[in-house]
Amino acid sequence: MKKFLGLVMSLVMLLSVGLMTGCGDESWTIGAREVITVGMSPDFPPYENKVDGGKKIEGFDVDLLEYLAVKMNVVFEVKGMPFDSILAAIPSGKVQIGVSGFTINEDRAKSVLFSDSYFDNEQVLVVKSDNTTFTNELTKDQIDALLAESGMKIGACDGYVGYDYALEIKDADGTNYTQKGITTYKDMGLAAADLNNGKVKAVIMDKAVALYAAANNSGIRVLPATLTTDNYGIAMKLGNTALKAKIDAALKELKDEGTLAELVDKWAGEF
């Protein structure tokens, strides 16, 4: 399947052929491929990230779109936008689908339609490398107990599953972090910086994102225990069952062929 990569990365190109007849100015378009607009926030490595000074994007979701474009015989036009604006852009028609590490959940399913899952995600804890409280041997329950201690400063990315998980943590008196407050971030880079300077003691984050950040920052460490799991899906307009059927069929082919597993190994494994 790797031979297809690069064939479709001209994401804004529309192939068309116009014919002019001798009977006036009539014209027809032959062989045009459908263009599907995509909302993506390219600040979420290793899933999507700007490279070469912003001239290109790369990552798991970018590769996935390349494979889907071949399977579906379409062209994807990717539009960069803030993560928290993508789902609202779908019902309004600004974009047709959203691909940016979106967790499938009931609240989001009220406003958008999701494809079948294409990635099984995990939430983990990130701490300073020299942190002696959060050791790698800790279980999920032991981590939760430590996070619940009064005064523990927790960070999470706003709008992500890790933030929701942090909100549910309660200390001994039953007070949860809704009242205490959580330091929120737009990306893992900012969270790592605050970990290093001691502003927060721990950050809850998607595992692949955490591993990527730790591989590029020796000052932080990822605990092995899984705190919770979720699933990524492609978002589209409610009621667009025809597009969902096409995307789901293409995803199934990629899964059956082993391509999704290859993408996981490439982008979401150990760095």
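Hi everyone. Let me begin with one definition: a residue counts as exposed when its relative accessible area is over 50%, and as buried when that figure is under 20%. Please keep that in mind, and also that what you see here is a predicted model.

So, the chain as a whole. It contains 10 helices and 16 strands. Of its 271 residues, 46% are buried. The accessible surface is about 13,300 Å², and carbon and sulfur atoms account for 52% of that. As for contacts, take those between residues at least 6 apart in sequence: 72% of them link residues at least 24 apart.

If you'd like to find one on screen, look for D43, whose bridge partner in β5 is N49.

My last stop is K199. You'll find this lysine in the loop that connects α7, residues 188-196, to β13, residues 202-206. Is K199 buried or exposed? Its relative accessible area is 52%, so K199 is exposed, given that the cut-off is over 50%.

And which residues does K199 touch, once we set aside neighbours within four places in sequence? Those are K153 and D194. Also have a look at I154: it lies 45 residues away from K199 along the chain, and their C-alpha atoms are 9.2 Å apart.

How values were computed
Residues numbered from 1 in each chain as written. Predicted model: local features only at pLDDT ≥ 70, side-chain atom pairs only at ≥ 80, totals over all residues. Heavy atoms only, no water. Helix = DSSP H or I, 4+ residues; strand = E, 2+ residues; numbered from the N terminus. Buried < 20%, exposed > 50% of the residue type's maximum accessible area, 1.4 Å probe, protein only. Contact = heavy atoms within 4.5 Å. Areas by Shrake-Rupley, 256 points an atom, 1.4 Å probe, with all protein chains shown as cover. Pairing = 2+ DSSP bridges.
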